[in-house]
Amino acid sequence: MSNRLPVDRVVDEAGNASWKQSPGGLVTALEPVMRAADGAWVGWAGQADLELEPFDNAGIRIVPVPLSEADLEEYYEGFSNDTLWPLYHDVIAQPGYHRVWWERYVQVNRRFADATARVSAPGATVWVQDYQLQLVPAMLRERRPDLLIGFFNHIPFPAYGIFSQLPWRGQIIDGLLGADVVGFQRVADAGNFSRAVRRLRGYTTKTPYIEVPGTDAVPARRVIAKAFPISIDVAGFQELAESPEVQARARQIRADLGDPETIMLGVDRLDYTKGIGHRLKAFGELLAEGRLKVEDVTLVQVATPSRERVESYRQLRDEIELTVGRINGDYGTISHQAISYLHHGFPREEMAALYLAADVMLVTALRDGMNLVAKEYVAARSDEDGVLILSEFTGASDELRAALLVNPHDIDGVKDAILRAIEMPRQERRKRMRSLRRRVAENDVTHWSDSFLATLRNTRGPGGWAGSVLPDEVEWTLERTTKR
Ligand code: GDG
């Protein structure tokens, strides 16, 4: 279950609608598991006020949950993206606390829980993805105590001093504790969660266990809170980057940029957590001080459009584009632009070609659950070349220790890292890239999903589900009959 379904609705010129699987690591990782288990994916179809019956797509049962325009404004853009997102990213932007957003978040989470309770087989495994659905585990457990429930948080879980700002902090903790396993990106996130549980509920915790006491109606339970760092489809990405077309395209990109000595690259959703402004500031200062010249170095910045209806994202776009315009205006020449700024999405092939063309990859996030771009860059570089500059505030920095690690708030430190990357001898580049590639190869996205699901299954012990009677409203048999 995830907020967004893994399929996009496409309508052709004749007005016929069909579904296309959206490319993404999560789908790649879960597709084989879902097929083998005859699984269903519950989520929103991406369009407001669209009521759809469940259907099959590429071997996966798709169960759409409808969202109205008001749900989108209050549950998604409001509570998810303007309350939880900034709060969980250490209050980089001010979170909005609005009771109507919260009420809508509860309602929509209930809708997701109901839809899932209806279609889950007796004793089924349900895996809930991400911060938009934190209340679902407890809601689902209440309706279907037979289910095995996992939850994975893709974004950071903040320290208690920050989390405690949330007026509904207790309810969120109770919602998550409905799961048998609560997964996080970093060990530190799991620790923050356990501390919040102790502070708010006083339950006993002994890493990775949390003891949830029982009541007259429900027995005591043991929940696991643990880190499962997510990754990418390493082999798939490497194969893509090794294809002759992508290699040729990388050479073309270099030539089109005027064959500069160094190409630096940033690839991010246009989000204030990604530290795009900090990176531009560092680069701008290096140009101003004459330590870099536009004839020698070009920065390509892909800023994929994101959450454009949220005001803070509109402001961010204005700020970034003002800065890019200033730097290009101040330092560009007729033949050389300092920054090649691209505010649109690209196909995966083009992303891979950009990674190959980039001598230096800049990941300067102020806070990031994992950061898959860093891992993709490494996976693409079979040539064992290229330097990764990586913020220590990303989950990826726990694994990718051979990168040039930076504190993005320390602009002088970022400037030094950029110069060091540009001047790094080939031998050191190779040594670092080899080490990074070993780490990325050890943990691909299938390893991530397998280890999460194995941990979840193990919580049930060898006997499995005991097979008690299901609540009356479960229509599972009916749904399955329709499917076949
Ligand atoms: C959240 C957490 C965590 C981007 N632009 C294009 C494009 N992308 C792809 C990248 C990468 C993915 O999107 C972005 O992943 P990130 O991890 O960098 O960041 P978030 O979107 O913020 O993701 C994050 C992640 O969840 C997974 O748990 O790592 O911390 O914030 O794969 O390549 N792909 C294509 N065109 C684009 O223009 N094809």
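Which residue in E13 stands opposite Met264? In this predicted model, local features need pLDDT of at least 70 and side-chain atom pairs count only at pLDDT 80 or more, while totals for chains, interfaces and linings use all residues. Residues are numbered from 1 along each chain as its sequence is written, and side-chain values use heavy atoms, with hydrogens and water left out.

The residue opposite Met264 is Leu299. Strand E12 (residues 262–269) and strand E13 (residues 297–304) run parallel and are joined by 8 bridges. Helices (H or I, at least four residues) and strands (E, at least two) are DSSP runs, numbered from the N terminus, and two strands pair if DSSP finds at least two bridges between them.

Both strands belong to an open sheet of 6 strands with parallel pairing, in the order E14-E13-E12-E15-E16-E17. Strands E14 (339–342) and E17 (404–406) stand at the edges with a single partner strand each, so one side of each has no neighbour in the sheet. On average, neighbouring strands are turned by 20° against each other, direction ignored. Axes here are lines fitted to C-alpha atoms, for helices over the stretch in contact, and angles run from 0 to 180 degrees between N-to-C directions.

Helix H14 (residues 411–423) packs on this sheet, touching E12, E13, E15 (360–363), E16 (387–391) and E17; contact means heavy atoms within 4.5 Å. The direction of H14 makes about 170° with that of E17.

Turning to a loop, His336 is found between helix H11 (311–331) and E14. Leaving aside neighbours within four places in sequence, His336 is in contact with Val294 and Glu295.
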